Amino acid sequence: MKNINGPLKVGIGGPVGAGKTSLTAELCKFLSKKISMAVISNDIYTKEDAEFLMKVQALPLERIKGVETGGCPHTAIREDASINMLAVENMKKKFPDLDLILIESGGDNLAATFSPELVDLSIYIIDVGMGGDIPRKGGPAIQKSDLLIINKTDLAPHVEVNLETMKEDVKKARNGLPYVFCQMKKQIGVEDVAKFLFSSGGL
């Protein structure tokens, strides 16, 4: 399947530990048999997330690029995204048939956004373990990302989070924009995220 407009570039952001790399890995496993794709994974001083993706064989090694930002991860996806834009161009040269490039951030707060020059769509992921009040606190990432993912729903009873209340808060915060409650490590919700990419990204 070839995206006639070039590869769809999708940013994946969220706090450290929320499940960005798990989401990336599961999307790779789910989609890579259907489309041509690659991953660019950001870390501040290591390539740990990229190495994890290689270890679990999410994609062939040459389709995974680890980027060391060397500083604030927000800068590398927003203010000065040149290091990621260069990685995108290199991937496009290596694989001219690319349909999708996932760009995983190195860990963000609720104010994080991706530069429109870097990505076409943005996904922001939080997890239930962070607390049920996160959606009420809002912020650009919660309110304006193209897709919001609430991960680790199985933790709700262990961290005293009322999922029904959280769902109502998410609905209000998103104001009509899509969201998915999921458990990435159990592949729950992966198909819904994939459907979003196909319907909204033109894959």
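## Helix 1 against helix 2

Helix 1 makes a right-handed crossing with helix 2 (the near helix is turned clockwise from the far one by less than a right angle). The model is predicted; local features need pLDDT of at least 70, side-chain atom pairs count only at pLDDT 80 or more, and totals for chains, interfaces and linings use all residues. Residues are numbered from 1 along each chain, and side-chain values use heavy atoms, without hydrogens and water.

Helices are DSSP runs of H or I with at least four residues; strands are E runs of at least two. T21, T24 and A25 of helix 1 meet D49, F52 and L53 of helix 2 (contact: heavy atoms within 4.5 Å).

## Helix 7: two faces

Helix 7 covers residues 163–174. M166, D169, V170, A173 and R174 are its buried residues (under 20% relative accessible area; exposed is over 50%, partly exposed in between; 1.4 Å probe, protein chains only). They lie on the same side of helix 7 because they cover an arc of only 125 degrees around the axis (taken from the directions from the axis to the C-beta atoms).

The buried residues pack against strands 5, 6 and 7 and helices 5 and 6. Exposed E164, K171 and K172 sit on the face turned away.

## G6

G6 precedes strand 1 (8–13). G6 counts as buried because its relative accessibility is 18%. Leaving out residues up to four places away in sequence, G6 touches L98 and D99.

Conventions. Expected span 1.5 Å × (residues − 1).
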